[in-house]
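Colleague: Could you walk me through this model, please? I have a few questions about how its parts sit together.

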Amino acid sequence: MAGARLVVAELPVGGLDGAGDVLRVEGDATARVMSVRGYAGTPMSALAKETGLPKSAFYHHFESKAGLLSAVMEQGAYGFFDAMREAHRNPPEGGTPHERLRWYLRRTGNVMENGEDFLRLLLVVVMSREAAEAPEALQTVIAVRDEGRAYMAHMIRSSFQSAGEETADKIAEALAPFGMAGYDGAFVALQSEGGRPVSAWMDQLADAIAALGAAIIAAD
């Protein structure tokens with residue numbers, strides 16, 4: 001997808017040359033279990049029970065639980081951003097910034113729904129102090145968050161392209177952090193307020209970004 005440089009998609013997945021089979025078997029299970037129990041609250045024995053693999057299989061390929069978490073986070077990031085690129089193929093040529101934002105963010109919401117385990121684990125690691133003992137995973141989280149902001153900036157910039165490149169860049173830089181905060185909030189709401197479709201949250205976020213962008217244009 002032109003305009004967004006996905007650094008996370010270029011990261012080497014630690015140990016995958018020897019651990020790929022193990023990671024494919026237990027990656028989703030690790031994300032699911034750790035997103036519920038937390039990093040510190042998930043012993044290797046719990047992961048072995050969930051996947052049916054012996055603990056020795058994990059330790060043979062990963063030096064520690066922190067190394068496993070880092071690999072799982074990287075695998076999740078690959079899948080998440082691959083899904084995002086696929087969802088945003090062939091964006092509309094015309095339309096107002098508001099219409100274009102709704103197009104992007106509704107599809108972003110669909111990716112959210114299909115990547116709940118990864119996003120839940122990501123927020124658990126971001127919000128918990130316990131992840132400080134897993135510096136490899138923390139670095140992956142930082143990379144994913146930075147990439148998320150870059151991707152949000154790309155969507156905003158593309159949506160406001162009719163205002164000119166310089167203005168679109170200014171709006172994207174100013175509003176990407178707000179867009180990320182809105183996306184995070186929508187995900188939390190999706191977990192806690194059942195019944196409301198994610199498209200409703202995404203439409204409101206698009207409305208807010210469009211209004212703020214219009215205010216920036218008016219103030220110039």
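Colleague: At what angle do helix 6 and helix 8 pack?

Modeller: Helix 6 covers residues 116-127 and helix 8 covers residues 165-192, with the two axes 11 Å apart. Helix 6 is roughly perpendicular to helix 8 because angles from 65 to 115 degrees count as such. The crossing is left-handed, and the packing angle is about 110°.

Colleague: Which residues of helix 8 does helix 6 meet?

Modeller: From helix 6, the contact uses Glu116, Leu119, Arg120 and Leu123. By class, the contact between the two helices has 6 nonpolar, 1 polar and 2 charged residues. On the helix 8 side, the partners are Tyr183, Phe187, Val188, Leu190 and Gln191.

Colleague: Where in the chain is confidence lowest?

Modeller: Across the chain the mean pLDDT is 81, with 82% of residues at 70 or more. Helix 9 (residues 198-219) has the highest confidence, at 96. Where pLDDT is low, the predicted coordinates should not be read in detail. Confidence is lowest, at a mean of 63, in helix 1 (residues 16-37).

Notes:
Residues numbered from 1 in each chain as written. Predicted model: local features only at pLDDT ≥ 70, side-chain atom pairs only at ≥ 80, totals over all residues. Heavy atoms only, no water. Axes fitted to C-alpha atoms, helices over the stretch in contact; angles between N-to-C directions. Helix = DSSP H or I, 4+ residues; strand = E, 2+ residues; numbered from the N terminus. Parallel < 35°, antiparallel > 145°, perpendicular 65-115°, else oblique. Left-handed = near helix turned anticlockwise from the far one by under 90°. Contact = heavy atoms within 4.5 Å. Nonpolar A, V, L, I, M, F, W, Y, C, P; charged D, E, K, R; others polar. pLDDT = per-residue confidence, 0-100.
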